[in-house]
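Please report on the packing in this protein model. Cover the aromatic residues, the helices and the cores.

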Amino acid sequence: MKHIARKRFGQHFLTDGGIIDAIVDAIHPQAGQPMVEIGPGLAALTQPLVERLGHLTVIELDRDLAVRLREHPQLSVVESDVLKVDFRALAAQMLTNAARVTPPKIRVVGNLPYNISTPILFHLLAQVDVVEDQHFMLQKEVIDRMVAQPATSDYSRLSVMLQWRYDMANVLFVPPESFDPPPRVDSAVVRMVPLATPPEVNVKTLETLVQVAFSQRRKILRNTLGKWLDEKGFAGTFDLQRRAEEVPVAEFVALAQAV
């Protein structure tokens with residue numbers, strides 16, 4: 001029975017064989033690696049992945065699709081909203097060697113629902129300590145913001161909050177006709193590799209600081225971030241005669257550390 005894509009789940013199923021092969025090549029799965037796929041859908045990417053891995057854990061919210069996926073002998077199915085999944089607990093469950101004290105780092109992949117892609121990215125950011133790497137298909141304009149450099153129109157809060165913790169690259173363009181039904185936007189695949197030695201910073205402080213800085217991106221920081229720093233009693237030096245989009249990630253992190 002044909003599965004009809006459900007708009008409320010943001011479903012767009014990948015059907016282009018050439019694109020699927022290119023994504024799998026970019027992920028480069030190896031036998032035995034612990035991997036989690038978010039939103040496997042009709043298993044277009046799932047099948048070539050599991051053929052190389054031997055076993056794959058998938059997270060699927062759609063009950064009908066979850067029933068189908070459970071019939072696959074090489075899949076472990078987590079039927080859940082991904083935003084409610086504890087990835088640290090999931091990593092612990094995926095231990096392949098009972099003698100290991102710590103869980104393995106997991107690889108995470110998926111064609112993310114465009115309507116909740118940013119919340120998913122921040123949900124994983126909070127649990128990045130158990131992640132080896134991430135490969136996601138997303139709306140191209142979101143990936144453009146994720147990898148954007150300072151002094152560009154795409155540089156944003158999302159750029160800063162992800163780049164302080166990940167090395168990221170846009171690895172593949174995916175046109176709308178690669179899906180059924182076709183989305184109204186271009187897509188792309190991003191590779192996200194957690195930094196081995198990220199700077200130590202209070203994430204909540206950084207998050208608030210960056211949010212304030214980009215709250216009115218056309219204004220110079222003296223009118224936004226300056227007031228916030230005064231309230232915090234910040235006595236250090238920071239060039240507030242710039243717009244938020246002109247400040248490199250490292251400077252935002254250094255300021256959060258100083259505050």
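Are Tyr-155 and Phe-214 buried or exposed? Tyr-155 is buried, and Phe-214 is buried too. Buried means under 20% relative accessible area, exposed over 50%, and partly exposed in between (1.4 Å probe, protein chains only).

## Model and confidence

This is a predicted model, in which local features need pLDDT of at least 70 and side-chain atom pairs count only at pLDDT 80 or more, while totals for chains, interfaces and linings use all residues. Residues are numbered from 1 along each chain as its sequence is written, and side-chain values use heavy atoms, with hydrogens and water left out.

pLDDT is the predictor's confidence in each residue, from 0 to 100. The protein averages 91. A score of at least 70 is reached by 92% of the residues. Over residues 1–10, pLDDT stays under 50. For that stretch the model has 23 contacts beyond four places in sequence. Contact means heavy atoms within 4.5 Å.

The structure holds two aromatic pairs. Rings of Phe, Tyr and Trp (its six-membered ring) pair if their centres lie within 6.5 Å; planes under 30 degrees apart count as stacked, over 60 as edge-to-face and the rest as tilted. Tyr-155 and Phe-214 make an edge-to-face pair, 6.1 Å centre to centre with 65° between the planes. Tyr-155 sits in the loop between helix 6 (140–146) and helix 7. Phe-214 sits in the loop between helix 8 and helix 9, and the two residues are 59 apart. Helices (H or I, at least four residues) and strands (E, at least two) are DSSP runs, numbered from the N terminus.

The rings of Phe-214 and Phe-252 have centres 5.9 Å apart and planes at 40°, so this pair is tilted. Phe-252 belongs to helix 10, so the pair ties the loop between helix 8 and helix 9 to a part 38 residues away in sequence.

## Helix 10 and the cores

Helix 10 spans residues 249–258. Its buried residues are Val-249, Phe-252, Val-253, Leu-255 and Ala-256. The buried residues pack against helix 7 (157–163), helix 8 (203–213) and helix 9 (225–231).

A nonpolar core is a set of buried Ala, Val, Leu, Ile, Met, Phe, Trp, Tyr and Cys residues joined through side-chain atoms within 4.5 Å. The largest has 57 residues. Phe-252 is among those with the most contacts inside it, as are Ile-38, Phe-87, Phe-136, Met-146 and Leu-225. Apart from this core lies another, of 24 residues, including Ile-20, Ile-27, Leu-75 and Val-109.

## Helix 3

Leu-65, Ala-66 and Leu-69 are buried in helix 3 (residues 63–70). They cover an arc of only 100° around the axis, which puts them on the same side of helix 3. The buried residues pack against strand 1 (13–14), strand 3 (56–60) and strand 4 (75–79). At the start of helix 3, a side-chain oxygen of Asp-62 comes to within 3.0 Å of the backbone nitrogen of Asp-64.

## Arg-107

Arg-107 lies in strand 5 (residues 106–111). Arg-107 is buried, with a relative accessible area of 8%. Its side chain reaches the backbone oxygen of His-28 at 3.3 Å. Beyond four places in sequence, the contacts of Arg-107 include Ile-27, Pro-29, Glu-132, Asp-133 and His-135.

Key:
Polar contact = N/O pair within 3.5 Å; in protein donor to acceptor, adjacent residues only side chain to side chain. Arc of directions from axis to C-beta.
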